[in-house]
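User: I would like to go through some of the labels given to this protein and see what each one rests on. Please set each value against its definition.

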Amino acid sequence: QVRLVESGGGLVQAGGSLRLSCAASGRTFSTLSMGWFRRTPGKDYEFVAAITRSGGTTYYGDSVKGRFTISRDNAKSTVFLQMNSLKPDDTAVYYCAAPSSWSLPTTYKIPRTYDYWGQGTQVTVSS
């Protein structure tokens, strides 16, 4: 069973930066494609970013493109989300997730594509 644990959330002023981490265990990390989603109360999960097993290909949601960067360190079994130029609209609980398949499915923007989820970490951006 894959276990995912996020960290790095917190309170930051608009325009600031945060770096989220997601540590994985239970499976060889290099066999996992990874994604980040976020959710605010009353809303559905929003796709933020995804990365292939090797880290060679990344994808971003339109609302974060150019501001957020997803990366991974397979030696440390960790995926990162560097968030710059944060806005109050970025306030949400951020989740990392992984599909059970080795390859990142073409449906990577859809939450039900992912089989494993972390518990989430709160990010609050003040204006």
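User: What makes W117 count as buried, partly exposed or exposed?

Analyst: This is a predicted model, in which local features need pLDDT of at least 70, side-chain atom pairs count only at pLDDT 80 or more, and totals for chains, interfaces and linings use all residues. Residues are numbered from 1 along each chain as its sequence is written, and side-chain values use heavy atoms, with hydrogens and water left out. Buried means under 20% relative accessible area, exposed over 50%, and partly exposed in between (1.4 Å probe, protein chains only); W117 has 29%, so W117 is partly exposed. Y45, at 26%, is therefore partly exposed as well.

User: Why is the pair of Y45 and W117 called tilted?

Analyst: Rings of Phe, Tyr and Trp (its six-membered ring) pair if their centres lie within 6.5 Å, and planes under 30 degrees apart count as stacked, over 60 as edge-to-face and the rest as tilted. The ring centres of Y45 and W117 are 5.1 Å apart with the planes at 45°, so the pair is tilted.

User: How do you know that C22 and C96 form a disulfide?

Analyst: A disulfide is a pair of cysteine sulfur atoms within 2.5 Å, and the sulfur atoms of C22 and C96 are 2.0 Å apart. The structure holds one disulfide. C22 is buried because its relative accessibility is 0%, and C96 is likewise buried at 0%.
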